[in-house]
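User: Can you walk me through this fold, with the cut-offs spelled out as we go?

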Amino acid sequence: MNCEACQLKELVLEPVEIREVLRCILHTIVFNRALGLVRPKDVDCELFEITYVQCGDPELEKKIEEKIDHFIGWVEKHPNRKSQVSLSFYEVKNKQPTWFSNKIERLYWEQWHINLHVVTPKIHGKSHHSKASALSRETAMEESSSRRAALESSLRDVLFQVIKFVNEKKDHIPSISNSEVISFPYEITIPSSSDSSFGWHTDVIKRMLQTGNPSMLS
């Protein structure tokens with residue numbers, strides 16, 4: 001089976017922006033690959049002038065929120081690190097059991113890699129002079145506004161990248177055999193909680209090796 005992979009443009013963001021960014025990207029991907037009967041729900045981002053669409057499925061929303069919570073927890077333990085959140089779609093096949101494998105095999109047909117660089121916001125020192133302090137606050141606000149605008153523009157680029165990939169890559173999608181909202185099983189993976197200073201790179205290499213053969217056991 002052919003497994004298509006999409007590496008999305010890296011986004012530089014602060015911890016407070018993680019939830020909105022991941023919600024926007026993950027729901028956009030899933031909505032475009034939810035080939036069942038969906039009830040589209042428009043959602044306005046709280047931090048950005050962006051509207052995206054959710055499938056209107058409570059279980060899906062709950063699972064995405066749980067994964068985002070886990071990722072935020074990982075970021076708190078590993079500040080100022082580059083990381084990756086992956087969303088994979090697969091089929092499940094039953095196999096004859098052997099000494100070395102389980103009965104269930106996952107055949108991955110599409111994987112999305114969301115690349116994030118979460119940075120700690122700058123803390124501007126206090127000034128004893130009120131005029132200098134006001135200027136410092138004004139400068140900080142301008143920098144924050146400029147950075148947020150740049151992130152919003154990059155997030156739009158990522159969403160266009162998703163739509164372009166979805167429209168161009170269709171031949172690898174398996175045939176639909178059910179009427180579920182999300183027609184295929186999926187998984188969302190985040191960096192391991194046991195990552196060391198080299199842990200994220202090890203995790204990425206491991207994932208690359210796994211995606212090299214989409215039919216490997218998971």
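This is a predicted model: local features need pLDDT of at least 70, side-chain atom pairs count only at pLDDT 80 or more; totals for chains, interfaces and linings use all residues.

Analyst: Numbering runs from 1 along each chain as its sequence is written, and side-chain values use heavy atoms, with hydrogens and water left out.

User: In what order do the elements of the protein run from the N terminus on?

Analyst: Helices (H or I, at least four residues) and strands (E, at least two) are DSSP runs, numbered from the N terminus. There are 4 helices and 7 strands here. Written out from the N terminus, the order is β-β-α-β-β-α-β-β-α-β-α.

User: Of contacts between residues at least 6 apart in sequence, what percentage join residues at least 24 apart?

Analyst: Contact means heavy atoms within 4.5 Å. Taking the contacts between residues at least 6 apart in sequence, the share that joins residues at least 24 apart is 76%.

User: Which element gives the most to the largest nonpolar core?

Analyst: Such a core is a set of buried Ala, Val, Leu, Ile, Met, Phe, Trp, Tyr and Cys residues joined through side-chain atoms within 4.5 Å. The largest one has 45 residues, with Leu-8, Val-21, Leu-22, Ile-25, Leu-87 and Trp-112 making the most contacts inside it. Elements giving two or more residues to this core include helix 2 (58–77), strand 5 (81–94) and strand 6 (104–118). The top contributor, with 8 residues, is helix 1.

User: Which element gives the most to the lining of the second largest pocket?

Analyst: On a 1 Å grid over the protein atoms alone, a pocket is an open set of points where a 1.4 Å probe fits, with protein on both sides within 12 Å along at least five of seven lines, and lining residues have an atom within 4 Å of a point. Volume is the space filled by probe spheres set on the points, which are joined across faces, edges and corners, and for this pocket that comes to about 200 Å³. Helix 1 (18–33), strand 4 (51–54) and helix 3 (130–168) each supply at least two lining residues. With 4 residues, the one that gives the most is helix 3.

User: Is His-27 buried or exposed?

Analyst: Buried means under 20% relative accessible area, exposed over 50%, and partly exposed in between (1.4 Å probe, protein chains only). His-27 is found in helix 1, and beyond its neighbours within four places in sequence its contacts include Tyr-52, Glu-61 and Ile-64. Because its relative accessibility is 3%, His-27 counts as buried.

User: How many Å separate the C-alpha atoms of Tyr-52 and His-27?

Analyst: Tyr-52 sits in strand 4 and is one of the residues lining the second largest pocket. Tyr-52 also touches Arg-23, Cys-24 and Thr-28, among others. Along the chain, Tyr-52 and His-27 are 25 residues apart, yet their C-alpha atoms are separated by 7.7 Å.

User: And what about Lys-122, is it buried or exposed?

Analyst: Lys-122 lies in the loop between strand 6 and helix 3. Its C-alpha is 8.6 Å from that of Ala-140, 18 residues away in sequence. With a relative accessible area of 70%, Lys-122 is exposed.
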